[in-house]
Amino acid sequence: GAVGRGDINNVWVDPRLDSVNYVSGTIPLSWKAYTEAEDFDFKLYDDSKTKVLLAKTVKKKHVDISELLKLIQPGKIYYWSATVKGEPENQDRKYLHYVTKDNYVSFYNSVKQHDAAETDAEMNFRLGFVLEENHYIAEAFNHYMKATQLDPTNSLYRFTFMSFKKDFEIK
């Protein structure tokens, strides 16, 4: 007989996207599929991880956070999941924290200060990295983009920015 493996989930979320701190801007909550599936069920939950605030079927491998803004509030925590349509629901919930502007500004100011001399491009690249590591994806995107604009000949900045956009499905 066949081996039973319990719930098989054909959706994979990059570990860097399994927790998102959102402040403003637009970013996709994205995933990859291990199958040739065309339809996916996306669900947004409240902080209990059980109450569904939004359930929709999408034909792409992401949901733009702008589609959720009418449902989410600053200072609150939410969870989301994506499943190949027709497959058992994915019990693995991904974390979405809608951070207040004040909390973000406080965090940002704490990481912006730096003792070593650096150019504006270096500062933006460093901040992009720190923000990405702390799951502020939209803000990291803006700083990586600014670094590449300030120093377009720097291949590290360009490569990092292009990889970042590809990894997070940002067009």
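Biologist: What share of the residues in the protein is buried?
Modeller: Of the 171 residues, 40% are buried. Keep in mind that this is a predicted model.

Biologist: OK, and how confident is the prediction? What's the mean pLDDT?
Modeller: The mean pLDDT is 90, and 95% of the residues reach 70 or more.

Biologist: Where is confidence highest, and where is it lowest?
Modeller: Highest in α2, with a mean of 97, while strand β1 (residues 11-12) is lowest, at 84. Residues 1-6 are a separate matter, with pLDDT below 50. Beyond near neighbours in sequence, that stretch has zero contacts in the model.

Biologist: Noted. How many helices and strands are there?
Modeller: Four helices and nine strands. Going along the sequence, the pattern is β-β-β-β-β-β-β-β-β-α-α-α-α.

Biologist: And the dimensions? What does the C-alpha trace span?
Modeller: About 65 × 35 × 25 Å along the principal axes. The accessible surface comes to about 9700 Å², and carbon and sulfur atoms account for 51% of that.

Biologist: Let's go inside. Which residues have the most contacts within the largest nonpolar core?
Modeller: Trp31, Phe42, Leu44, Leu68, Trp80, Leu96 and Phe164, in a core of 46 residues.

Biologist: Which elements give two or more residues to this core?
Modeller: On the strand side, β2 (19-22), β5 (40-45), β8 (77-84) and β9 (94-98). The helices α1 (101-112), α2 (120-133), α3 (137-150) and α4 (155-167) do as well.

Biologist: Pick Phe42 for me. What does Phe42 touch, not counting residues up to four places away?
Modeller: Leu29, Trp31, Leu54, Ala55, Lys56, Val63, Leu68, Trp80 and Ser81. Trp31, Leu68 and Trp80 are also among the core residues with the most contacts.

Biologist: Now the other end of the chain. Where does Phe168 lie?
Modeller: In the segment after α4.

Biologist: Is Phe168 buried or exposed?
Modeller: Buried, because its relative accessible area is 1%, and the cut-off for buried is under 20%.

Biologist: What is Phe168 in contact with, leaving aside its neighbours within four places?
Modeller: Arg16, Leu17, Pro28, Ser30, Glu132 and Ile137. Ile137 is 31 residues apart from Phe168 along the chain, and their C-alpha atoms are separated by 8.5 Å.

Biologist: Last one, on charges. How many positive and negative charges are there?
Modeller: 23 positive and 25 negative, with their mean positions 4 Å apart.

Methods
Residues are numbered from 1 along each chain as its sequence is written. This is a predicted model: local features need pLDDT of at least 70, side-chain atom pairs count only at pLDDT 80 or more; totals for chains, interfaces and linings use all residues. Side-chain values use heavy atoms; hydrogens and water are left out. A nonpolar core is a set of buried Ala, Val, Leu, Ile, Met, Phe, Trp, Tyr and Cys residues joined through side-chain atoms within 4.5 Å. Buried means under 20% relative accessible area, exposed over 50%, partly exposed in between (1.4 Å probe, protein chains only). Contact means heavy atoms within 4.5 Å. Accessible areas come from the Shrake-Rupley method with a 1.4 Å probe; for residues, only the protein chains shown count as cover. Lys and Arg count as positive and Asp and Glu as negative; His and the chain ends are not counted. The place of a charge is taken as NZ of Lys, CZ of Arg, CG of Asp or CD of Glu. pLDDT is the predictor's confidence in each residue, from 0 to 100.
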